[in-house]
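Thanks for coming. I will go through one structure, starting with the loops and ending at the ligand.

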Amino acid sequence: MNKIELEKIKEKALEDHIPIIMDDTLEVISKELAQKKPKRILEIGTAVGYSAICFSEFLEDDGKIDTIERDFERVKEARENIKKAEVQDKINIYEGDAVEILPTLKNIYDVVFIDASKGKYPFFLEEALRMLAPKGIIFADNVLYKGYVMSDYNKHKQRTAVRNLREFLVKLQENEELETEILEVGDGLAIARRK
Ligand code: SAH
Ligand code: MG
């Protein structure tokens, strides 16, 4: 992986106000991936490919990432970035709404990274659990949503997202197949390990 190229992709994404993974969140996930050496990763929310490119470094030989993005311009830029990073043989983009694409997938994944519309997290979780391998790990970004999720202030316009994120966190914690931690890194990171 060309570090300078990756740094350029990151700088441009930040300039364009694309909500790419935060450094501390990436560090936590990278440590887990380095240990796990996954063969298959599913990502929900590609944006311009930054996180997928970062994760691809930790795949086992012949490992693959499937990632889903609904914004056409971002898909285009992600494809260019993935090529620049020379990882096009490791990353496959599904273009479209994850709500429609997920139910069509029939793969098994060692790792699922949920990083798209917060209002859909409960649905994404159901689909992730359907495809998660035994001992698989789900990471979900932005679960504390700037602190809104833990505060009782719920009059702002994002209250549907907040309600759904809370429902998502409750579902994770009530699920007896999972061991869940919620970390205050970045915008809040949930890590759920299937036993
Ligand atoms: N994982 C990326 C950042 C993703 S930002 C990184 O860290 O580099 C979230 C992305 O999810 C946005 O680009 C948005 O267009 C996309 N998105 C949101 N809801 C979606 C949905 N329902 N289906 C597909 N993509 C979605
Ligand atoms: Mg995010």
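Where is the place of Asp62? Asp62 sits in the loop between helix H3 (50-56) and strand E2 (64-69). Helices here (H or I, at least four residues) and strands (E, at least two) are DSSP runs, numbered from the N terminus.

Before going on, the conventions. This is a predicted model, in which local features need pLDDT of at least 70 and side-chain atom pairs count only at pLDDT 80 or more, while totals for chains, interfaces and linings use all residues. Residues are numbered from 1 along each chain as its sequence is written, chains are lettered from A and ligands numbered from 1 in the order in which they are written, and side-chain values use heavy atoms, with hydrogens and water left out.

Back to Asp62. Its phi is near 70°, a positive value in a residue other than glycine. Most residues other than glycine have a negative phi. Is Asp62 buried or exposed? Asp62 counts as exposed, because its relative accessibility is 68%. The cut-offs are under 20% relative accessible area for buried, over 50% for exposed, and partly exposed in between, with a 1.4 Å probe and protein chains only.

Lys37 also belongs here. Lys37 is not a glycine, yet has a positive phi of about 50°. Lys37 lies in the loop between helix H2 (23-36) and strand E1 (40-44). With a relative accessible area of 39%, Lys37 is partly exposed.

Two further loop residues. Asp152 is in the loop between strand E5 (132-141) and helix H7 (159-174), and at 75% relative accessibility Asp152 counts as exposed. From Asp152 to Glu177 there are 25 residues in sequence and 29 Å in space, C-alpha to C-alpha. Gly186 is in the loop between strand E6 (178-183) and strand E7 (189-194). Gly186 counts as partly exposed, because its relative accessibility is 29%. The C-alpha atoms of Gly186 and Asn142 are separated by 7.5 Å, with the two residues 44 apart along the chain.

Strand E7 also holds Arg194. Arg194 counts as buried, at 14% relative accessibility. Which side chain does the side chain of Arg194 make a polar contact with? That of Glu177, at 2.8 Å. A polar contact is a pair of N or O atoms within 3.5 Å; within protein, one must be able to donate a hydrogen and the other to accept it, and residues adjacent in sequence count only if both atoms are side-chain atoms.

Now helix H6. How many of the residues of helix H6 (residues 121-131) are buried? The count is 8 of its 11 residues, so the helix is mostly covered. Among them are Tyr121, Phe124, Glu127 and Met131. The C-alpha atoms of Leu125 and Ile137, 12 residues apart along the chain, are 12 Å from each other.

Last, the ligand. Ligand 1 is surrounded by 20 residues, the closest being Ile21, Gly45, Glu69, Arg74 and Ala98; a residue is counted if one of its heavy atoms lies within 4 Å. By class, this shell has 8 nonpolar, 5 polar and 7 charged residues. Ala, Val, Leu, Ile, Met, Phe, Trp, Tyr, Cys and Pro count as nonpolar, Asp, Glu, Lys and Arg as charged, and the others, Gly among them, as polar.

A polar side-chain atom of Glu69 is 2.6 Å from an oxygen atom of ligand 1. An N or O atom in the side chain of Asp97 is 2.9 Å from a nitrogen atom of the ligand. A polar backbone atom of Ala98 lies 2.8 Å from a nitrogen atom of ligand 1. On its own, ligand 1 has 590 Å² of accessible area, and the protein covers 93% of this, by the Shrake-Rupley method with a 1.4 Å probe.
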